[in-house]
Amino acid sequence: MSPPFPASPGMAQALAEARAAAERGEVPVGATILAPGGKIVASAGNRTRELSDPTAHAEILAIRAACAALGSERLIGHTLFVTLEPCPMCAAAIGFARIAKLYYGAPDPKGGGVDHGPRIYTLPTCHHAPDVYGGIGEVASATLLREFFSARR
């Protein structure tokens, strides 16, 4: 059974952000946040090198932008699309923001925090877990990452 995938520009915009990140020399990860009605509220790509900030992951930047635009620390009812399984830091931030649904592209067996690694949403200390759907845009997301890293080896 395939996950419910809303007809939206979410993953397409996240992939565009990931490609832009790669062009800047950043690891190609992009994220997009949609409001409950499906309108894009914020999107971002990784900027850790550009900003000299280890927390400047695509998800964190998109959450910050969406919260600023809405004037709230909570994104209740919102949906996040991201091209790579969120790391533990980003998974925790997604929970803290109370995002309702998380769609991610490529799995991250080494650094993921949702379906791999610490599995943040299964911990008893987790106060909110979004509905999670992996593998959305997986081929495009994984290809972008593979090409980025193979060009640097």
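How much space lies in the largest pocket? About 260 Å³. This model is predicted, so local features need pLDDT of at least 70 and side-chain atom pairs count only at pLDDT 80 or more, while totals for chains, interfaces and linings use all residues. Residues are numbered from 1 along each chain as its sequence is written, and side-chain values use heavy atoms, without hydrogens and water.

Start with the empty space. Rolling a probe the size of a water molecule over the atoms shows where such space is left. On a 1 Å grid over the protein atoms alone, a pocket is an open set of points where a 1.4 Å probe fits, with protein on both sides within 12 Å along at least five of seven lines; lining residues have an atom within 4 Å of a point. A volume is the space filled by probe spheres set on the points.

The largest pocket has 15 lining residues. Nearest its centre lie Val-27, Val-29, Asn-46, His-57 and Leu-84. Its lining divides into six nonpolar, four polar and five charged residues. Here Ala, Val, Leu, Ile, Met, Phe, Trp, Tyr, Cys and Pro count as nonpolar, Asp, Glu, Lys and Arg as charged, and the others, Gly among them, as polar.

The second largest pocket holds about 190 Å³. Its lining includes Val-27, Leu-84, Pro-107 and Phe-149. Helix α5 (residues 138-150) gives the largest share, four residues. Helices are DSSP runs (H or I, at least four residues), numbered from the N terminus.

Now follow α5 to its neighbour. Helix α1 (residues 10-23) packs against α5 at about 5°, with the axes 11 Å apart. Axes are lines fitted to C-alpha atoms over the stretch in contact, and angles run from 0 to 180 degrees between N-to-C directions. The two helices are therefore roughly parallel (angles under 35 degrees). Leu-15, Ala-18, Arg-19 and Ala-22 of α1 meet Ala-140, Ser-141, Leu-144 and Phe-148 of α5; contact means heavy atoms within 4.5 Å.

Another pair is α3 (residues 58-70) and α4 (residues 88-96), at about 25° with axes 9 Å apart. These helices are also roughly parallel. From α3, the contact uses Glu-59, Ile-60 and Ile-63; from α4, Met-89, Cys-90, Ala-93 and Ile-94. Six of these residues are nonpolar, none polar and one charged.

Note on methods: Parallel < 35°, antiparallel > 145°, perpendicular 65-115°, else oblique.
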